[in-house]
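Dear colleague,

Please find below the structure that I am handing over to you.

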Amino acid sequence: MKAVLQRVKEANLKVDGKEISAIDKGLVVYFGVEKGDDEAIMQKMCKKIASMRIFEDENGKMNLSVKDIGGQILLVSQFTLLADCSKGNRPNFLQAEEPKKANELYQKARDCLQDEGILVKLGVFGADMKIYQLNDGPVTIILDSKILKI
């Protein structure tokens with residue numbers, strides 16, 4: 001499982017020109033499910049996402065989590081995070097989980113993050129989405145469940 005966290009001042013997501021989701025200050029989380037990922041891995045990733053101290057405290061230090069600041073999350077399913085670019089110039093996505101299972105874990109990830117007390121908005125699984133975000137910092141963090149000690 002891979003996730004890319006981007007700290008934002010605001011973000012919105014549209015499908016076919018229609019706004020589907022919008023958040024204020026918080027995180028846009030691009031979320032990719034890999035073959036073999038399960039609910040236990042997803043829960044550990046969500047706890048890590050909810051607890052990452054990447055927002056500034058009163059002293060300007062990155063010391064607060066999205067939970068601490070009352071921030072929101074725009075959770076976007078993104079199988080392209082699992083791209084293998086090791087050969088040639090065309091990525092392959094053979095390590096991405098099949099859509100049905102990936103969508104189930106994506107939906108459960110929303111529930112898990114909400115259980116942490118965070119307002120979570122979703123993209124549309126499998127849709128052609130347009131995401132507008134005002135990055136803050138910018139701060140971008142990449143999480144990979146294979147290398148996290150969680």
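The largest pocket is lined by 19 residues, and Ser77, Gln78, Phe79, Thr80 and Gly126 are those nearest its centre. A pocket here is an open set of points on a 1 Å grid over the protein atoms alone, where a 1.4 Å probe fits, with protein on both sides within 12 Å along at least five of seven lines; lining residues have an atom within 4 Å of a point. The volume of the largest pocket is about 330 Å³, a volume being the space filled by probe spheres set on the points, with grid points joined across faces, edges and corners.

Two remarks on provenance are needed. The model is predicted: local features need pLDDT of at least 70, and side-chain atom pairs count only at pLDDT 80 or more, whereas totals for chains, interfaces and linings use all residues. Residues are numbered from 1 along each chain as its sequence is written, and side-chain values use heavy atoms, with hydrogens and water left out.

**Pocket lining**

Which elements each supply at least two residues of the lining of the largest pocket? They are β3 (26-32), β6, α2 and β8; helices (H or I, at least four residues) and strands (E, at least two) are DSSP runs, numbered from the N terminus. Strand β3 gives the largest share of this lining, three residues. By class, the lining consists of twelve nonpolar, five polar and two charged residues. In this scheme Ala, Val, Leu, Ile, Met, Phe, Trp, Tyr, Cys and Pro count as nonpolar, Asp, Glu, Lys and Arg as charged, and the others, Gly among them, as polar.

Buried means under 20% relative accessible area, exposed over 50%, and partly exposed in between (1.4 Å probe, protein chains only). In a regular strand the side chains alternate between the two faces of the sheet. Both faces of β6 are covered: Gln72, Leu74 and Val76 are buried on one side, and Ile73, Leu75 and Ser77 on the other.

Strand β6 pairs with β3 in the parallel sense over six bridges, where two strands pair if DSSP finds at least two bridges between them. In this pairing Tyr30 stands opposite Val76. Strand β6 also pairs with β7 in the parallel sense, over four bridges, and the bridge partner of Leu74 in β7 is Lys121.

An antiparallel arrangement is found for strands β1 (residues 2-15) and β2 (residues 18-23), which are joined by five bridges. They form a hairpin with two residues between them, and Asp16 in the turn has a positive phi of about 55°. Val15 stands opposite Lys18 in β2.

**Nonpolar core**

The largest nonpolar core has 30 residues, of which Leu5, Leu27, Ile49, Ile73 and Leu75 touch the most other members. Such a core is a set of buried Ala, Val, Leu, Ile, Met, Phe, Trp, Tyr and Cys residues joined through side-chain atoms within 4.5 Å. Two or more residues come from each of β1, β3, α1 (39-51), β6, α2, β7 and β8, and α2 gives the largest share, six residues.

**Aromatic pairs**

How many aromatic pairs does the count come to? There are two, given that rings of Phe, Tyr and Trp (its six-membered ring) pair if their centres lie within 6.5 Å; planes under 30 degrees apart count as stacked, over 60 as edge-to-face and the rest as tilted. Phe79 and Phe93 are edge-to-face, at 5.1 Å centre to centre and 75° between the planes. Both residues lie in the loop between β6 (72-77) and α2 (99-115), so the pair ties together parts that are 14 residues apart in sequence. Phe79 is partly exposed at 48% relative accessibility, and Phe93 is partly exposed at 30%.

The rings of Tyr106 and Phe125 have centres 6.1 Å apart and planes at 40°, so this pair is tilted. It links Tyr106 in helix α2 with Phe125 in the loop between β7 (119-122) and β8 (129-144), 19 residues apart. Tyr106 is buried at 1% relative accessibility, whereas Phe125 is partly exposed at 28%.

Arg110 lies in helix α2 and is partly exposed, at 22%. Lys44, in helix α1, is partly exposed at 41%.

With kind regards
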